[in-house]
Amino acid sequence: MKIKVIILSIPIFLSACTPTEHYSESNMSLFAAVYGFEAIEGPVKELHFDAKAANNVDLITVQASFDHKGCLSSLSVDGEVNSKVVLKKIDGKLSGVDNGKKVIFELGEHCVILNKKAEDGNILKQFTYDENHRLSIDNSFDEGRLRKYSYDASGKRISGIETIQGGTVIDKVVMHYKDPENKYLDYFADGNGPLFGRTGIKITCQYHDKTPTKCQAGYAFLKDNLFIKASVDIKTTFY
């Protein structure tokens, strides 16, 4: 289903975070980007994220749990947008199944995710971080592409993502936030490039104590004349 590839190639909200001895949002942000759901700010303990298309088709359902430092303990992803994913932290690594294949995410200091490996040890993805501990490059060897992330002046929000293949930029997305401090999931993502042509995502949400609870999303892919509306339910518990 082409929509799987398109939606996962457009940036999902990704907050900057600094791994410390306290709670870090690094794992939340990275897995949201890799598996196509929206990252929630704050010391999240458990997350349930459910997005449905207008025809009631389950686009993506996510169940995630984190320890008191923000390290991912378990993750389950299912739906039309993504293959079925089940991960669990075992012996200092995140192990599980992705699209029917065994995978391992290796962790560094402060449980920062270093890479994603196949069962035979081949590296599928390599993650690079900048001096401020923000994700700067997602090098996807399994796709033959890498994604470069840039940030706004505050350093708190992704401002753009370039997808590069064979040294050529094949997709470039610019993020626009309406009120990032109070409504951080309300944004418009404007994309263009030879990979998908002109694309866009617009999301507006309801909030409780600055935490999103329900959202309406619209996806537009002009080259394919494809327009999708979705509703999102988010349930979050915090430490």
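**Aromatic pairs**

A search of the whole structure finds seven aromatic pairs. Rings of Phe, Tyr and Trp (its six-membered ring) pair if their centres lie within 6.5 Å; planes under 30 degrees apart count as stacked, over 60 as edge-to-face and the rest as tilted. This is a predicted model, in which local features need pLDDT of at least 70 and side-chain atom pairs count only at pLDDT 80 or more, while totals for chains, interfaces and linings use all residues. Residues are numbered from 1 along each chain as its sequence is written, and side-chain values use heavy atoms, with hydrogens and water left out.

Select Phe 31 and Phe 105. Their rings are edge-to-face, 5.0 Å centre to centre with 70° between the planes. Phe 31 lies in helix H2 and Phe 105 in strand S6 (residues 101-107), so the pair ties together parts that are 74 residues apart in sequence. Helices (H or I, at least four residues) and strands (E, at least two) are DSSP runs, numbered from the N terminus. Phe 31 and Phe 105 are both buried, where buried means under 20% relative accessible area, exposed over 50% and partly exposed in between (1.4 Å probe, protein chains only).

Next, select Tyr 177 and Tyr 187. The ring centres of Tyr 177 and Tyr 187 are 6.2 Å apart and the planes are at 65°, so this pair is edge-to-face. Tyr 177 belongs to strand S12 (residues 168-179) and Tyr 187 to strand S13 (residues 183-192), so the pair ties together parts that are 10 residues apart in sequence. Tyr 177 and Tyr 187 are buried.

Colour H2, residues 26-35. How many of the residues of H2 are buried? The count is 10 of 10, so the helix is mostly covered by the under 20% criterion. Gly 36 follows H2 and has a positive phi, near 80°.

Now select Asn 27, which is in H2. Asn 27 counts as buried because its relative accessibility is 1%. A polar atom of the Asn 27 side chain lies 2.8 Å from the backbone nitrogen of Leu 72. Show the surroundings: beyond neighbours within four places in sequence, Asn 27 is in contact (heavy atoms within 4.5 Å) with Phe 66, Gly 70, Cys 71, Leu 72, Cys 111 and Ile 113.

Step back to Ser 24, in the loop between helix H1 (2-9) and H2. Ser 24 is buried, with a relative accessible area of 6%. The side chain of Ser 24 reaches the backbone nitrogen of Ser 26 at 3.1 Å.

**Asp 58 in strand S2**

Select Asp 58, found in strand S2 (residues 58-66). Is Asp 58 buried or partly exposed? Asp 58 is partly exposed, because its relative accessible area is 35%. Its side chain makes a polar contact with the side chain of Lys 52 at 2.3 Å; a polar contact is a pair of N or O atoms within 3.5 Å, and within protein one must be able to donate a hydrogen and the other to accept it, with residues adjacent in sequence counting only if both atoms are side-chain atoms. Leaving out residues up to four places away in sequence, Asp 58 touches Asp 50, Ala 51, Lys 52, Gly 79 and Glu 80. The C-alpha atoms of Asp 58 and Gly 79 are 5.4 Å apart, across 21 residues along the chain.

**Last stop**

Select Arg 134 and Tyr 151. The charged end of Arg 134 sits over the Tyr 151 ring, 4.3 Å from its centre. A charge sits over a ring if NZ of Lys or CZ of Arg is within 6 Å of the ring centre and within 35 degrees of the ring normal.
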